[in-house]
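Me: I would like to learn how to read this model step by step. Could you take me through the features in turn, giving the general idea before the particular case?

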Amino acid sequence: MGLRPNKSGFFSKGAVFVTSIIQITLKGIFRDRVFQGIMALAVLFLFIPSAASLSMRQVVETSITLSLSLISFILLLLSVFLGATSLWKDMERRYTFSVISLPVSRSSYLLGRFFGLALFLVITAAVLAVAALLAIKFAVLMYPPDRPVLWGALVLALLFATLKYILLVGVALLLSTVSTSFFLPIFGTICAFLASGITQQVYEYVHMPASANAVSPFLKSAATVLYYLLPNLAGFDLNVNAIYGIQPNPNGLMITLGYFLAYTSILLGAAALLFDRREMQ
């Protein structure tokens, strides 16, 4: 009888390799000066209660708004710059060439990079969330609000904001697999992020009965294709719920979570396929 390949051993070897890439990714990020410079912005949390007090009547609401905006800004910078330059740096340093020569798939390397970046965003968001919650709690104690703060809605807003930027990392990695420089991944990811905020409004406008004569069929078809092609990140924005104490819709949260899993899986699948076919020079 011939020997059969040990599939369990292959998959366990791949899992160990992915775990190693995750650890290497985290170590590299913490040593990166870009990360250190971006995280220096976290010191602004100390000034949020003082800045919010200038609003006079809505101090707590302003504190929540400023805290969520600062966290989103920091996560956006990290997801764009780290996600878009991770593969490019490895190729420039020729680290990728030594890795792909090992008896493991390129997909394992790519998945290790993604999960390493995703884990880093989760850790960063958790640290920033603690700072934000402390700043908001201080504002609540100093200026008791008219309506109670829904801390659960605030935590959900932070959680879904983190998922949004993890999805954006997937976009950056997909663009990195087809680019030989970091310009396309960085600016392409920024453009995708900006476009994701208006795709829903554009789609609804071109399909309104009132715009049937004003919009050409070609433009309507193009808007429909872009609507389904580009990520729709509007559903991840729960800032209004956190600021004004509105309970999120559980069904909407489940749909958004399912969209995150499906879209991220598609991004990673396409990135792995392109990366496997890419010629390394």
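**Reading the fold and its features**

Reply: Residues 24 or more positions apart account for 80% of the contacts in the protein with a separation of 6 or more, where contact means heavy atoms within 4.5 Å. This is a predicted model, in which local features need pLDDT of at least 70 and side-chain atom pairs count only at pLDDT 80 or more, while totals for chains, interfaces and linings use all residues. Residues are numbered from 1 along each chain as its sequence is written, and side-chain values use heavy atoms, with hydrogens and water left out.

Me: How many helices and strands does the protein have?

Reply: Helices (H or I, at least four residues) and strands (E, at least two) are DSSP runs, numbered from the N terminus. Here the protein has 12 helices and 0 strands.

Me: What percentage of the residues count as buried?

Reply: Buried means under 20% relative accessible area, exposed over 50%, and partly exposed in between, with a 1.4 Å probe and protein chains only. Of the 281 residues of the protein, 44% fall in the buried class. One case is S107, found in helix α6, which is buried with a relative accessible area of 18%; leaving aside its neighbours within four places in sequence, S107 is in contact with A272 and D276.

Me: Which residues form a salt bridge?

Reply: Side chains of opposite charge can pair when their charged atoms come close. The term requires a side-chain nitrogen of Lys or Arg within 4 Å of a carboxyl oxygen of Asp or Glu. The structure holds 1 salt bridge, formed by E61 with R147, whose closest N and O atoms are 3.4 Å apart. E61 lies in helix α4 (residues 59-92) and R147 in the loop between α6 (106-142) and α7, so the pair ties together parts that are 86 residues apart in sequence. E61 counts as buried at 10% relative accessibility, whereas R147 is partly exposed, with a relative accessible area of 37%.

Me: Which element gives the most to the lining of the second largest pocket?

Reply: On a 1 Å grid over the protein atoms alone, a pocket is an open set of points where a 1.4 Å probe fits, with protein on both sides within 12 Å along at least five of seven lines, and lining residues have an atom within 4 Å of a point. In the second largest pocket, α12 gives the most to the lining, with 4 residues. The lining includes V171, Y263 and A270.
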